[in-house]
Amino acid sequence: LVAPIRRLMGAAQLVSTGDLHVQVPVKSSEGDLARLGETFNMMTSELRTQRDDLVNARDVMDSRRRFGEAVLAGASAGIIGVDQEGKISILNRSAEHLIASPATDVTGKPLLEVVPELSELVEQALENGQRLTQGQVTLSRRGRDRNLSVRVTSEQTADAVHGYVVTLDDITDLVSAQRTSAW
């Protein structure tokens with residue numbers, strides 16, 4: 001009677017240290033304690049499978065996060081991530097350059113406080129509830145006016161909007177060329 005209980009205690013101790021590969025030897029002659037050992041072995045096997053699935057999911061998420069960061073860093077357009085409260089959560093270097101503020105100074109601040117020129121488009125996106133709102137704005141920073149094509153895209157799930165991605169494309173040269181061509 002004591003031997004199977006000691007085996008279970010020893011195996012439980014190993015599981016508590018993170019070893020999910022432990023299996024309790026089961027002898028059919030031990031009756032109910034044998035069934036307890038089988039159940040313990042099934043439990044550790046299921047826990048091991050679940051842990052492996054979680055580790056794999058974490059690895060996939062890390063890979064996707066790194067890919068997303070690489071895309072943001074390499075994009076020539078300014079990209080600003082805004083949370084559901086309207087605060088800046090992330091921006092790439094192009095956006096830092098266009099708004100003339102480093103990410104460390106603006107992350108966590110309300111977008112419309114940092115870039116008030118976007119208020120009309122952001123309010124339009126909030127009111128319409130559309131997935132994409134776009135328009136043009138003129139942004140004045142460091143004594144220079146820039147014409148920007150702005151797209152506000154909502155991050156949506158089936159039940160709610162979780163935030164926005166604001167994309168800023170500098171079209172100053174294009175507008176200037178159009179004006180010159182018109183003359």
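**Exercise 1.** How many nonpolar, polar and charged residues does the lining of the largest pocket have?

*Solution.* The model is predicted, so that local features need pLDDT of at least 70 and side-chain atom pairs count only at pLDDT 80 or more, while totals for chains, interfaces and linings use all residues. Residues are numbered from 1 along each chain as its sequence is written, and side-chain values use heavy atoms, with hydrogens and water left out.

Begin with the term itself: on a 1 Å grid over the protein atoms alone, a pocket is an open set of points with protein on both sides within 12 Å along at least five of seven lines, a cavity is a set where a 1.4 Å probe fits but cannot get out, and lining residues have an atom within 4 Å of a point. The volume, about 160 Å³ for the largest pocket, is the space filled by probe spheres set on the points, which are joined across faces, edges and corners.

Next, take the lining, which consists of 14 residues, with Val 82, Gly 86, Val 122, Leu 126 and Tyr 164 nearest the centre of the pocket. Two or more residues each come from β1 (78-83), α5 (111-114), α6 (119-128) and β5 (161-170), where helices (H or I, at least four residues) and strands (E, at least two) are DSSP runs numbered from the N terminus.

Finally, sort by class, counting Ala, Val, Leu, Ile, Met, Phe, Trp, Tyr, Cys and Pro as nonpolar, Asp, Glu, Lys and Arg as charged, and the others, Gly among them, as polar; the lining then has nine nonpolar, two polar and three charged residues.

**Exercise 2.** Describe how α1 packs against α2.

**Exercise 3.** Which residues line the largest cavity?

*Solution.* The search of the whole structure finds one cavity of 30 Å³ or more, and the volume of the largest cavity is about 40 Å³. Its lining is formed by Pro 4, Arg 7, Leu 8, Val 24, Pro 25, Val 26, Glu 30, Leu 33, Ala 34 and Gly 37.

How values were computed
Axes are lines fitted to C-alpha atoms, for helices over the stretch in contact, and angles run from 0 to 180 degrees between N-to-C directions.
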